Amino acid sequence: MTLTHSSAGSARGRPRGTSRQSRAGMAFVAGYVLLLIAFGVLPTCYAIYFAFTNAGGAFTGFSNFVTTAQDFRFVDSLGHVALYLLFWLLSLVVFVVVLALLLHKLSSGPLSQALRFLYYIPGALAGAASVLVWLFMLDPTVSPVSSLLETLGFHTFGEVIAPGNLALLFTIIAFWTGAGGWIVVMYGALNNIPKDVMEAARIDGANGWQTAWRVQIPMLRKWIVYMVILAFAGGAQLFVEPQLLSLASTGVAGRDYSLNQLTYDFAFQMNNINGAAAVSVELLVVSVSVAGVFVARSGFFDAD
Amino acid sequence: MSVYKPSVTRETGTSRRRAASLAGCAATVLLTVTACGGGGGATGTTKDGFAQAAQKDGALTVWVDATRMDAAKLYQSQHPDVKLDIVSYDGDANGSNYLQTKVQLFNRTGKGWPDVVFSSQNNEASWAVDAGFAAPLNKGLIPQQTLDGFAKGANDVCTVDGTLYCLRNDLSQAVLWYNAPLLKKFGYTVPTTWEEYQALGEKVAEEHPGYLVGDAGDSFTPEIYLWASKCGANHITGPKSVSVNTTSEACTKMAKLMDVLIKNKSMSISGVFSTDFAKNQAGKVLLMPGPAWYGGAVFKDGLKTPAKQIAVAPIPQWQGETSPSTGNVGGGTWLLSKHSAHIKAATDFLKWVTTDNTYQGEKAPGFPAYAPAAENWLKAQAASGYYASDLTALKDASSQVWSDWGSGQFSQEAIWAATVKPGLTQGKTIESLLPAWQDSIVKYAKSNGYKVSQ
């Protein structure tokens with residue numbers, strides 16, 4: 001409360017330990033920052049440069065954006081990704097929050113530990129490996145749950161991966177792979193809610209449902225927003241699931257289902273790196289804008 | 001709260017400086033990369049029809065898939081003095097585009113190209129010429145006499161604007177495979193016309209339900225059936241032009257035939273490599289039109305059909321035609337890089353691997369594209385004792401491939417798989433899907449820069 005000097009004054013006025021700590025902190029962060037610059041910031045700048053130039057490096061304005069948007073697959077891919085994002089974000093918000101609340105309700109008993117472990121396991125599998133697991137699960141001939149698939153009317157792999165089912169299938173795969181980690185994060189956030197707040201709610205006569213709806217979920221709001229922002233950015237870049245499914249089904253699932261697959265096709269099938277970069281930049285702009293809206297609307301950075 | 005104020009100010013200053021240095025870095029990297037982008041062009045002399053890179057000593061880099069690994073190793077053992085760097089990759093199986101992806105990247109970095117590469121796809125030349133990767137082979141590198149030894153039309157898929165850019169490894173002409181003892185047991189004869197084939201399919205459905213006369217579940221189905229029917233779905237008329245007509249009579253009569261047999265279930269829609277085909281239908285194959293490599297890859301290795309059962313007959317022809325026309329389902333190609341710094345060694349390897357009797361004639365798994373080696377290969381196959389008939393039908397079919405179905409830059413197999421196969425699974429007829437197929441081919445062709453006539 002007392003220090004209101006200039007920056008130089010504040011540095012001089014600081015205890016030595018603090019400045020050493022801050023140097024150590026910077027040293028720790030430096031590695032990450034370097035990697036972020038090398039593999040995050042610079043490639044992004046490079047992609048933006050590509051998006052506004054042609055193969056010869058001449059500035060072309062928005063022509064790459066126009067060309068790619070006019071490709072006959074663009075609108076379809078956009079629709080596919082939008083539908084997938086709708087399923088994926090809804091299921092993530094609803095199920096992750098509900099499961100985390102249930103887990104928290106079970107408190108710290110052995111069952112809770114076992115469940116936390118169980119939820120987390122799928123997340124430990126690398127993205128491609130977990131998709132491969134699902135390729136087996138979804139093939140009625142080899143699936144351990146083939147009887148369930150047969151009951152649902154699916155007798156062959158081809159029937160399971162019909163184009164109309166894909167958004168739902170990718171949601172299930174993504175949820176299975178990614179939700180466990182979020183459940184553990186939400187569980188941690190629930191543990192962070194001060195005991196006296198929960199106590200007060202109980203004394204005021206709130207039942208489990210009321211506590212969850214009026215106390216816990218509002219206090220999880222920032223975490224939910226954080227999850228939605230990251231899940232949106234990740235989901236918009238849907239690639240591994242459709243790509244592997246496409247290979248496994250020898251093309252039935254389509255090689256251009258998602259926007260990211262389309263960029264891959266532009267870059268390496270049609271030798272149009274600049275067009276690919278344009279679509280990537282669009283994805284970036286959309287993800288950043290959505291994140292911005294969520295952050296602004298939720299008061300993400302407001303101090304409590 | 002005010003405690004934090006000065007530090008926030010300092011942080012902002014630091015982040016501004018950081019941002020400035022970052023922008024500087026980014027600009028430097030961009031300039032460097034842009035400068036590099038223009039590099040990588042050949043600087044040596046122009047010879048054999050292209051500007052060759054400066055020739056150097058050093059290892060010859062050869063990319064092969066797992067199946068062709070034996071070929072590279074055999075070459076190494078026969079040529080111990082050649083330094084060979086053998087790299088294993090997926091051979092572009094299932095149209096993975098690995099080679100194309102890598103070449104695009106090598107073109108940007110200006111190094112890394114393999115000297116010689118095998119691909120299991122036969123439309124590689126269509127992009128490899130555009131990408132400046134494939135070297136012309138008939139302008140001095142490979143003697144005309146060697147080229148004349150290839151089966152008629154074998155290297156059509158490698159020819160762009162009259163220049164040859166790759167050599168065919170094996171042919172994939174379609175024939176009619178059949179189970180000889182089973183056919184005899186049921187009292188049927190091998191059909192020679194498509195009309196007889198359909199009649200037999202109807203008879204099988206009635207008398208021996210569950211048995212199959214064919215399979216229409218693979219992405220290469222159009223290459224087996226519609227190509228054989230001379231359906232003009234994929235007539236590449238120039239380097240960047242294609243004519244597409246999937247609703248002509250040639251197409252619809254074959255589509256109708258298949259629809260009848262799919263409906264009565266004597267033709268499967270599973271796909272010969274699918275798990276459910278291997279599990280449920282492996283022992284039910286009575287007849288199966290398919291390419292030359294079905295013998296080894298499908299019957300012997302995939303479906304584990306015992307020896308002395310599978311025999312080969314010519315693919316049927318429509319009544320009134322004088323000889324059958326067949327399709328061509330894949331068949332590998334070998335490309336030589338324009339950027340190679342070891343052209344002599346690369347050419348020697350390329351010639352050996354496509355024509356040598358010890359490999360192509362004896363060990364190669366597919367029907368060799370080089371005719372003298374094919375003769376030997378047929379003898380070796382006959383001597384293996386697996387087949388229940390002689391394989392002359394394969395030899396005859398090698399020159400019966402209908403030439404008006406090309407290998408464009410866009411994948412016909414991917415289009416069929418994404419457009420027609422899901423409809424088939426939902427119970428739609430092929431005939432009803434022909435217009436959608438046409439529409440899809442046209443869109444993909446245009447998107448790849450082709451001029452389309454319909």
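Arg73(A) is buried, with a relative accessible area of 4%; the word buried denotes under 20% relative accessible area, exposed denotes over 50%, and partly exposed lies in between (1.4 Å probe, protein chains only). This is a predicted model, in which local features need pLDDT of at least 70 and side-chain atom pairs count only at pLDDT 80 or more, while totals for chains, interfaces and linings use all residues. Residues are numbered from 1 along each chain as its sequence is written, chains are lettered from A and ligands numbered from 1 in the order in which they are written, and side-chain values use heavy atoms, with hydrogens and water left out.

Side chains of opposite charge can pair when their charged atoms come close. A salt bridge is counted when a side-chain nitrogen of Lys or Arg lies within 4 Å of a carboxyl oxygen of Asp or Glu, and over all chains the count is 11. Arg73(A) forms one such bridge with Asp71(A), at 3.0 Å from N to O, and Asp71(A) is itself buried at 10% relative accessibility. Arg73(A) also forms a salt bridge with Asp265(A), at 2.9 Å from N to O. This second pair links distant parts of the chain, 192 residues apart: Arg73(A) is in the loop between helix 3 (63–70) and helix 4 (74–105) of chain A, and Asp265(A) is in helix 13 (residues 259–269) of chain A. Here helices (H or I, at least four residues) and strands (E, at least two) are DSSP runs, numbered from the N terminus. Asp265(A) is buried as well, with a relative accessible area of 4%. A network of salt bridges links Asp71(A), Arg73(A), Arg255(A), Asp256(A) and Asp265(A).

Asp439(B) is partly exposed at 40% relative accessible area, and Lys443(B) is partly exposed at 36%.

The packing of helices comes next. Two packed helices are described by the angle between their axes and the distance between the axes. Helix 11 (residues 208–236) and helix 14 (residues 273–298) of chain A pack at an angle of about 170°, with their axes 9 Å apart. Helix 11 of chain A is therefore roughly antiparallel to helix 14 of chain A, a description that applies to angles over 145 degrees. Among the residues that meet between them are Val225(A) and Phe232(A) of helix 11 and Val286(A) and Phe294(A) of helix 14, contact being heavy atoms within 4.5 Å.

How is strand 10 of chain B placed in the structure? Six of the six residues of this strand (residues 174–179) are buried, so the rest of the structure largely encloses it. In a regular strand the side chains alternate between the two faces of the sheet. In strand 10 of chain B, Ala174(B), Leu176(B) and Tyr178(B) are buried on one side, and Val175(B), Trp177(B) and Asn179(B) are buried on the other.

Two strands pair if DSSP finds at least two bridges between them. Strand 10 of chain B runs antiparallel to strand 15 (residues 287–291) of chain B, joined by five bridges, and Val175(B) has Gly290(B) as its bridge partner there. Strand 10 of chain B also runs antiparallel to strand 16 (residues 310–313) of chain B, joined by four bridges; in that strand Val312(B) stands opposite Trp177(B).

How values were computed
Axes fitted to C-alpha atoms, helices over the stretch in contact; angles between N-to-C directions. Parallel < 35°, antiparallel > 145°, perpendicular 65-115°, else oblique.
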